[in-house]
Amino acid sequence: MRDAAGGSVPVLSLLEARVLGVLVEKQHTVPDTYPLTLNALVAGCNQKTSRDPVIEAAEAEVQGALDHLKSRSLVVESSGGRVMRYAHNAGKGLGLPPQSVALLAVLFLRGPQTAGELRISSDRLHRFGDILAVEGFLRELAEHGFVRELPRSPGARETRWAHLLSGEPAAPAAVHSAPDGARDAVAAGETAALRARVDQLERELGALREAVEQLRAQLGG
C-alpha cells in the first residue's frame, strides 16, 4: 500500500497491530515498567478490557509478531535487566506525529470508532483540545492511506473511522435503534452522564490492570 506522499504504509496482521498498539498504550499508562517484557506484552494483547476484538495470543505468536515489527523498524529491543524488553518506534517508523500515533494505537486496540469516541479513548495517550483536532489528524491520516472514514451505518448518528494497516475494514453493521420518538425522549444530560460513567469505569479498570502489571514486573514477570 502506498500513501498519498509516496511512502509505504506497512501491512500488519491483527496481532502485529495489537502488539504495536499495546506498546504505544503502555508507554503512557505504565511508564515505570516500559519498555515491556514479553510476558507483560502478552498480557496487554490478551487484555479483556478496552480491547476489540478480545484475543488469546500465545507467547510464541506474540514473539513472532515482535520479530516482524522489528524487521519493519516499528519495534526496538533492549537487553537491560534479566529479560529482553520491547518498545515501539511507531513515530519514526511510520513518519507520524505523536497525535496520529495515539489515534492509530486506539484503533489498533479497540477497532473502528467515531471521532468523539477516539477523543475519549486516547485521552491518556494524547489529550486533544476538542473533537475538531481529532478530526483534523484523522483527515491527515486518511490522506496518507492510514485510516478511512466508514460509510454511516443505518440508524447511526456519526460515522466511524478504521485503520487500514490490516487490510480493508469490514462493512459497518446496521444499528438497531429505537423509534425516533423514543430516542428524542432521552435527555442530553442523561446521555452525557452515561458517557461520563462509562469513561470513569474504563479508567478504574485500566488502573487496576496497570497495578497488576506493575506488581508482576516487580516480581520478575
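Mentor: Let's start with Ser 73, which is partly exposed, since its relative accessible area is 44%. Keep in mind that this is a predicted model. Ser 73 sits in the loop between helix 3 and strand 2. Its backbone is worth a look too: phi is near 60°, a positive value in a residue other than glycine.

Ser 50 has a phi of about 60°, although it is not a glycine. You'll find Ser 50 in the loop between helix 2 and helix 3. With 21% relative accessibility, Ser 50 counts as partly exposed. That loop between helix 2 and helix 3 is also the place of Pro 53, and a cis peptide bond, with omega about 0°, joins Asp 52 to Pro 53.

Now for the helices on either side of that loop. Helix 2 covers residues 38–45 and helix 3 covers residues 59–71; they pack at an angle of about 100°, with their axes 10 Å apart. That angle makes helix 2 roughly perpendicular to helix 3. Helix 2 brings Leu 38, Asn 39, Leu 41 and Val 42 to the contact, while helix 3 brings Glu 59, Val 62, Gln 63 and Leu 66. Sort the residues in this contact between helix 2 and helix 3 by class and you get five nonpolar, two polar and one charged.

Have a look at Ala 60 while you're there. Ala 60 belongs to helix 3 and is exposed, because its relative accessible area is 62%. The C-alpha atoms of Ala 60 and Val 42 are separated by 9.5 Å, and the two residues are 18 residues apart along the chain.

Helix 3 lies across strand 2 and strand 3, and it runs at about 110° to strand 2. So what order do the strands of the sheet take? This is an open sheet of three strands in the order 1-3-2, with antiparallel pairing. Strand 1 (36–37) and strand 2 (75–78) are at the edges with a single partner strand each, so one side of each has no neighbour in the sheet. In general, strands of a sheet pair through backbone hydrogen bonds. Strand 3, residues 85–88, pairs with strand 1 in the antiparallel sense over two bridges.

Helix 1 has 16 residues and reaches 22 Å from its first C-alpha to its last, close to the 22 Å expected at 1.5 Å a residue. Helix 1 is mostly covered, with 13 of its 16 residues buried. Is Lys 26 buried or exposed? Lys 26, found in helix 1 (residues 14–29), counts as buried because its relative accessibility is 3%. Beyond its neighbours within four places in sequence, Lys 26 is in contact with Pro 31, Tyr 34, Leu 36, Gln 47, Arg 51 and Glu 213.

Conventions. Residues numbered from 1 in each chain as written. Predicted model: local features only at pLDDT ≥ 70, side-chain atom pairs only at ≥ 80, totals over all residues. Heavy atoms only, no water. Axes fitted to C-alpha atoms, helices over the stretch in contact; angles between N-to-C directions. Helix = DSSP H or I, 4+ residues; strand = E, 2+ residues; numbered from the N terminus. Parallel < 35°, antiparallel > 145°, perpendicular 65-115°, else oblique. Contact = heavy atoms within 4.5 Å. Nonpolar A, V, L, I, M, F, W, Y, C, P; charged D, E, K, R; others polar. Buried < 20%, exposed > 50% of the residue type's maximum accessible area, 1.4 Å probe, protein only. Expected span 1.5 Å × (residues − 1). Pairing = 2+ DSSP bridges.
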